[in-house]
Amino acid sequence: MKRTVIWLCAVGLALSLPIALGRPPYRLAAIAQLHLTPDQGDTRSVTCQFCHVNPGGGPPWNPFGELVRSNFRGSINQALYDALRAMKDSDGDGYLDVLEVFAGTWPGNPDSKPLVDPTFLKANFEKAGGVDLYKPAQ
């Protein structure tokens, strides 16, 4: 019995290790691709709440995170871009996800939304380069 418990713990640890190690690369990829500015260069200061309910990541995902997950085909960069290109308002707050990212608010949280009119924000977004601002590097 004791051997079985130890074996199950070892297997559980081995299976969870890739998940634990996978989070920092996703965070770093999102920081770069979404042009997020970490406080004083500290990437840990950028919350995972663009896609997750919890600031540190992990399940559950917010509505934008679920959209990213549905687009995931092996590349977080492409999944983020595809989610933004979908031109959806995942949290239903009246702002497209891509406009919220552009404005620096969380596209999966209806309590986090830009402080400017959506039409004004969209015009400035298009002037700045539109959704291709978030296109993955080739």
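1. A residue counts as buried when its relative accessible area is under 20%. C51 has a relative accessible area of 15%, so C51 is buried. C48 also counts as buried, at 15% relative accessibility. Both cysteines come up again under point 6.

2. This is a predicted model, and confidence should be read before anything else. The protein chain averages a pLDDT of 84. Of the residues, 80% score at least 70. Confidence is highest in α5, at a mean of 97. Confidence is lowest in α1, at 58. Over residues 5-22, pLDDT stays under 50. For that stretch the model has zero contacts beyond four places in sequence.

3. Next, the overall layout. The protein chain has five helices and zero strands. Along the sequence the pattern reads α-α-α-α-α. Buried residues make up 35% of the 138 residues. The accessible surface comes to about 8,500 Å². Carbon and sulfur atoms account for 61% of that surface. Among contacts with a separation of 6 or more, 35% join residues 24 or more positions apart.

4. Which residues touch the most other members of the largest nonpolar core? They are L34, F64, V68, L80, L84, V98 and Y134, out of 25 residues in that core. The elements that give two or more residues to this core are α1 (2-33), α2 (63-71), α3 (76-85), α4 and α5. α3 gives the most, with six residues. The general background is simple: in soluble globular proteins, nonpolar side chains tend to be buried together.

5. F64 is one of the core residues that touch the most other members. Leaving out residues up to four places away in sequence, F64 touches F50, C51, L80, A83, L84, S90, D97, P107 and G108. Two of these partners, L80 and L84, are also named among the core residues with the most contacts to other members. C51, the buried cysteine of point 1, is another partner of F64.

6. Now the loop between α4 (97-103) and α5 (118-128), where S112 is found. Is S112 buried or exposed? S112 is buried, because its relative accessible area is 15%, and the cut-off is under 20%. Not counting residues up to four places away in sequence, S112 touches D91, D93, E100, T105 and W106.

7. G104 lies in the loop between α4 and α5. Its relative accessible area is 51%. Exposed means over 50%, so G104 is exposed. G104 and L34 are 70 residues apart in sequence. In space their C-alpha atoms are 9.1 Å apart. L34 is among the core residues listed in point 4.

8. Last, the two ends of α5. At the start of α5, a side-chain oxygen of D117 reaches to within 3.0 Å of the backbone nitrogen of T119. Just after α5, G129 takes a positive phi of about 130°. α5 is also where mean confidence is highest, at 97.

Note on methods: Residues numbered from 1 in each chain as written. Heavy atoms only, no water. Helix = DSSP H or I, 4+ residues; strand = E, 2+ residues; numbered from the N terminus. Buried < 20%, exposed > 50% of the residue type's maximum accessible area, 1.4 Å probe, protein only. Contact = heavy atoms within 4.5 Å. Core = buried A, V, L, I, M, F, W, Y, C linked by side-chain atoms within 4.5 Å. pLDDT = per-residue confidence, 0-100. Polar contact = N/O pair within 3.5 Å; in protein donor to acceptor, adjacent residues only side chain to side chain. Areas by Shrake-Rupley, 256 points an atom, 1.4 Å probe, with all protein chains shown as cover.
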